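Me: I'm new to this one. Can you walk me through it, piece by piece?

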Amino acid sequence: MCGIVGYIGPKQASTFLIEGLSKLEYRGYDSAGIAVYDGTQVHVEKSVGRLANLEKKLDNEQLIGNLGIGHTRWATHGRPSDVNSHPHTDCTGDFVVVHNGIIENYMHLKEKLIAKGHVFTSETDTEVVAHLVEEHYKGDFEAAVKKVLSEIEGSYALVFMTKHEPDKIICTKQDNPLVIGLGEGENFIASDIPAIINRTRKTYILSDGELAVVTRDSVWVMNRQGVPITKKVFEVNWDAEAAEKGGYEHFMIKEIYEQPKAIRETMSSRLAKDDSHIILDELKWTKHEVAAIKKVVIVACGTAYHAGIVGKYYIESLARIPVEVDVASEFRYRSPLVDENTLAIVVSQSGETLDTLAALKEAKRLGAKTLAITNVVGSSISREADQVIYTWAGPEIAVASTKAYTTQLVSMAMLAIYIAGLRENISAERSRELISGLRNLPAQLHEILEDVESIKTFAQQYGFNEDVFFIGRSLDYAVALEGALKLKEISYIHAEAYAAGELKHGTLALIIEGVPVIALATQHDVYDKTLSNIKEVKARDAVVIGIAQQGDDQIKKYVDHAIFIPQADKFLAPILAVIPLQLLAYYAAITRGCDVDKPRNLAKSVTVE
């Protein structure tokens, strides 16, 4: 997820571009850049790091002109650097583009362009788009852009400008947001409303497949075939702070609702089009290399550790390799049994978690092959690991992790299917079932998020309890651990998760009349056992909220309230089942008046031991 801005009008473009990017820095902050046309040529200035670094450069070299585009980056292809920062240009520097999203077929297109003599300077997928415009430009900018759109595959918001037709900016979108702000004798473009809210309240919200030609005095919207589209003006009535959160009250709830998109992005280009196999070209493992792995250790902290527990189930069940999961802060102090036949997987949203980084270095010292699963390109962990799988969730602002967790689960599932395929431990039919299930996840998540009223009600009803218990078996227990963590970290309710089969071994002593117990029952192979455990807590007069799959009429007989998730394969159910738990935690915190995005005593990235 990146921030995009554009300006055309009578004023200095750079003023708005920097102002707009400052409002969008929450969308990406590993680099920033702007391009401005001065009446003769396009000048580009960009810098790695926060926007302030770019502003320092511009203090020494102002870009003068009334036409410009800008970008603040969250890297997906290519490490954060000046050269990988947007905007990107073609060979001549005459065509400029900024991009939010992923071009799935960029490598194929890049190879074709290189064969035609194009010279690339960055590692990004976006630069391909600029060169494609150059390749197709025959005196008609709009026609060239349409030709480019017919060739690229993936998700994107794209904004184009060129010195050859400096009276316009062209923009389009597919799966990523793009807004046009309507001014008087000037118009604005942005990936999100906060960038333009101080300049205009009148906007066009572009839909997928729409293309807009923006001039000083007009905005022409059409489809890819050039058929005009009549847009209704959307009048923004949010204040600036609400606009930054997309109209949501907090970043956490915004990020919960971003999960369908985050998961779609993370799977982008990694699922074969016919669902036959997983594509992890970043690993390039051979069957021989995978056969040499005798053990896997997964090391992480907090929410990422809970993702690792789910990953253990995935890898052991599908790839049939023994897996240990360790808390990173303990790993290097217990003389772990790790050698050259071990794959060490470290999981970290930020890629900077100090304990996880130290565990990674210890695993490497012991000879293990190392793989990082992280959300930040160029982070310390991504640089230290032998190989990396990036979760393309975009920046996560709230301290409580939501979309980072679910994209970690998706990455774990893809990795397990990939390894199982190389080891020939999974049938083609089973692989196809799981990959098809992964492809359905964004729509299923959206279905859950469409109706949250019952969850709000439960949170309001039980939000003032001081103790809540979570129970589950198998993968449900792993999800229960994450549900309990979410509740305790933002609502400050004492919440504990237990393997449901352990109730008789001490936990039942804590179950008293009226205490809420959240029981997960999504795993069909242990369903009857879970029902027995639910009956046990009900016999002690607990209030039970059951989480089950749609079509489960039996559970209603044994719980006080039921929340249903769409039907899914047992391996994918955790990715769905955690959503109601995130929402319960969020609305419980609201009920209690807690600071949801910045819970006490906690920080987003833990970089001290």
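Me: Is Lys-287 buried, partly exposed or exposed?
Reply: Lys-287 is partly exposed, with a relative accessible area of 46%. Buried means under 20% relative accessible area, exposed means over 50%, and partly exposed is in between (1.4 Å probe, protein chains only). Bear in mind that this is a predicted model: local features need pLDDT of at least 70, side-chain atom pairs count only at pLDDT 80 or more, and totals for chains, interfaces and linings use all residues. Residues are numbered from 1 along each chain as its sequence is written, and side-chain values use heavy atoms, with hydrogens and water left out.

Me: What does the Lys-287 side chain meet in a salt bridge?
Reply: Glu-424, at 2.9 Å from N to O. A salt bridge here is a side-chain nitrogen of Lys or Arg within 4 Å of a carboxyl oxygen of Asp or Glu.

Me: Where do Lys-287 and Glu-424 sit in the chain?
Reply: The pair links distant parts of the chain, 137 residues apart. Lys-287 is in helix H9 (residues 287–291), and Glu-424 is in the loop between helix H14 (403–422) and helix H15 (428–450). Helices (H or I, at least four residues) and strands (E, at least two) are DSSP runs, numbered from the N terminus. Glu-424 counts as exposed, at 59% relative accessibility.

Me: How many salt bridges does the count come to?
Reply: 32 by this rule. One of them joins Asp-82 to Lys-57, with the closest N and O atoms 3.5 Å apart. That pair also links distant parts of the chain: Asp-82 is in the loop between S4 and strand S5 (88–89), while Lys-57 is in helix H2, 25 residues apart. Asp-82 is partly exposed at 35% relative accessibility. Lys-57 is partly exposed too, at 28%.

Me: Which helix holds both Glu-453 and Lys-456?
Reply: Helix H16 (residues 453–462). They lie 3 residues apart, about one turn of the helix. Glu-453 has a relative accessible area of 47%, so it is partly exposed. Lys-456 is partly exposed at 25%.
Reply: There is also a network: salt bridges that share partners join Lys-295, Glu-324, Asp-326 and Arg-334.

Me: Switching to sheets. What is the strand order in the open sheet of 8 strands?
Reply: S3-S2-S4-S1-S10-S9-S11-S14, with antiparallel pairing. Two strands pair if DSSP finds at least two bridges between them.

Me: Which strands stand at the edges?
Reply: Strand S3 (42–48) and strand S14 (234–235). Each has a single partner strand, so one side of each is left without a neighbour in the sheet.

Me: How many bridges join S2 to S3?
Reply: 7 bridges, and strand S2 (residues 31–37) runs antiparallel to S3. Ala-32 stands opposite Ser-47 in S3.

Me: Which strands does helix H1 touch?
Reply: Helix H1 (residues 13–23) packs on the sheet and touches strand S1 (3–8), S2, strand S4 (67–73) and strand S10 (187–190). Its direction makes about 155° with that of S1. Helix H2 (residues 51–60) packs on the sheet as well, touching S2 and S3, and its direction makes about 135° with that of S3. Contact means heavy atoms within 4.5 Å. Axes are lines fitted to C-alpha atoms, for helices over the stretch in contact, and angles run from 0 to 180 degrees between N-to-C directions.

Me: What joins S12 to S13?
Reply: A hairpin, through 4 residues. Strand S12 (residues 210–214) and strand S13 (residues 219–223) pair in the antiparallel sense over 5 bridges. Glu-210 has Asn-223 in S13 as its bridge partner.

Me: Now the core. Which residues touch the most other members of the largest nonpolar core?
Reply: Trp-285, Ile-345, Leu-438 and Phe-470, out of 100 residues. A nonpolar core is a set of buried Ala, Val, Leu, Ile, Met, Phe, Trp, Tyr and Cys residues joined through side-chain atoms within 4.5 Å.

Me: Which helix gives the most to this core?
Reply: Helix H19 (residues 573–592), with 14 residues. A second, separate core of 26 residues includes Tyr-106, Phe-120, Leu-132 and Ala-144.
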